[in-house]
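Here is a friendly note to read alongside the model. Take the points in order and keep the structure open as you go.

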Amino acid sequence: MTPALSVRDLFTIGIGPSSSHTVGPMRAAQNFAAWITEPGRAPVVRLVCTLHGSLALTGLGHGSDGAVLLGLAGETPEAVDPAAAPARIAAIRSEKRLALAGGAPIGFDPARDLVLDPSFLPGHPNGLVFQAELADGARLERTYFSIGGGAIRREGEAPPRVNAVPRHPFGSGAELLATCAAHDLSIADCVRANEAAWREPAETDGFLDQVRAAMMAAIDRGCDAHGELPGGLRVQRRARAMRERLLARGPRTDPSAVFEWVSLWALAVNEENAAGGRVVTAPTNGAAGVIPAVLRYYESFVHGATREGARTLLYAAAAIGFLYKTRASISAAEMGCQGEVGVACSMAAAGLAAALGASNAQVENAAEIGMEHNLGLTCDPIGGLVQIPCIERNTMGAIKAINAAYLALHGDGRHVVSLDAVIETMRQTGEDMKSQYKETSLGGLAVNVVEC
């Protein structure tokens, strides 16, 4: 039985630029470091980490190498200081030593001991193999997979036991609608009730309030920052200048003002993500700007918006995210960008529709529209960096989500293509998509645009 998912599995607060290439590898490295330094083990004398597949092909641009170093040093995505991280990584490289699991330093030369192997492991396109030699001659090895959204899976590890039983379980869009109808619940209230399997409802509300605050903070930091993004593409931050121009124009009533502000907010978050700043994985880092921009739209432009409405948006969005994560994948290395920006667009569309008072059928319709028009979206980042086309793509996803929500509200919930059908189509499309278009930088814009 597949373990039930919680909102805490879908929304996590961490650092950029990539949930699968930065957050996941950091968690895997931290887990391995904690394991090989358990009490009673002999000291580690040699440690090697090999990044496979997509992690090797685009890992440098995504910061996978630095994330592994920080994880081996005991850091976690939730607690690491993004401002201090570059200096710590530089120190490990120059000194060729790191404090394993935050303890005694060991010799570790990233140029030698952090290996990039473009071959794909059978378990997943994002593979990491850690090998350690201990002073007593023992050799320990573990293989991990970064499976999307910052989640990791260890090879050979038994699936976690199902120890939480949601009150109203659902495994498909059809089941979600049927369950809500049977218990006279909205989609948001269904998810809120299910979260009681893990914690009290007030605690879950508080967690989503923290998620909202982190999203808004990422927007604000992105709007304040300026300069060049790291990585060598010479991409300049645009959000600050864009905000200044919008403010200088004063109040406007033409429709373009709305989508310009929404685009700004999505842009701001993903510039923060590209710079390695703190963002919310929602459901991935590469798509971290979509839901925050739609949420800020709701709070800024919708008359009568409330804090409870913001929670409703996030609860309903989570319900849709669960379906994509369990029935397909949110990993761009498996699905292309339809699994990241496409899923975020679908989630945001459903969430906004719910916050605007849509029926459950209209919410499901909004989610379907959001994905239907992202099918086939490739992931071909230039230089392996989460910058081009990723930053602007979030603005498109946010605008499309708002459009999808209002299209659904203009209908009565009846539509030809179901959410389940579009999720299955996304899965099939991802499997059929050539590997060079799935976060490898071996095709598309990555090879047709000259890096400068």
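1. A word on terms comes first: contact means heavy atoms within 4.5 Å. Axes are lines fitted to C-alpha atoms, for helices over the stretch in contact, and angles between N-to-C directions run from 0 to 180 degrees. Helices (H or I, at least four residues) and strands (E, at least two) are DSSP runs, numbered from the N terminus. With that in hand, helix α3 (residues 54-62) lies across β2 (44-53), β5 and β6 (126-134), and runs at about 100° to β2.

2. Please bear in mind that this is a predicted model, in which local features need pLDDT of at least 70 and side-chain atom pairs count only at pLDDT 80 or more, while totals for chains, interfaces and linings use all residues. Residues are numbered from 1 along each chain as its sequence is written, and side-chain values use heavy atoms, with hydrogens and water left out.

3. Residues 6-156 are 36% helix and 31% strand, with end C-alpha atoms 24 Å apart. For residues 183-446 the figures are 62% helix and 2% strand, and the end C-alpha atoms lie 49 Å apart.

4. Next, the sheet. Five strands form an open sheet in the order β5-β2-β6-β7-β8, with mixed pairing; two strands pair if DSSP finds at least two bridges between them. At the edges are β5 (114-117) and β8 (151-154), each pairing on one side only. On average, neighbouring strands of this sheet are turned by 25° against each other, direction ignored. Strand β7 (residues 139-148) runs antiparallel to β8 and is joined to β8 by four bridges. Tyr144 stands opposite Arg154 in β8.

5. How do helix α11 (residues 256-274) and helix α12 (residues 290-301) cross? Their axes come within 8 Å and cross at roughly 140°. α11 and α12 are therefore oblique to each other; under 35 degrees counts as roughly parallel, over 145 as roughly antiparallel, 65 to 115 as roughly perpendicular and the rest as oblique. Residues making the contact include Trp261 and Trp265 of α11 and Tyr297 and Phe301 of α12.

6. Helix α11 also meets helix α17 (residues 390-409): their axes come within 8 Å and cross at roughly 140°. That makes α11 oblique to α17, and this crossing is right-handed. Among the residues that meet are Phe259, Leu267 and Asn270 in α11 and Ile391, Asn394 and Ile402 in α17.

7. Finally, some backbone details to look up. Most residues other than glycine have a negative phi, and most peptide bonds are trans. Which bond joins Ala282 and Pro283? A cis peptide bond, with omega about 0°; Pro283 is found in the loop between β9 (278-281) and α12. Ile388 and Pro389 are likewise joined by a cis peptide bond, with omega about 10°, and Pro389 sits in the loop between α16 (360-372) and α17. Ala101 is not a glycine, yet has a positive phi of about 55°; Ala101 lies in the loop between β3 (97-99) and β4 (105-107).

Terms used:
Left-handed = near helix turned anticlockwise from the far one by under 90°.
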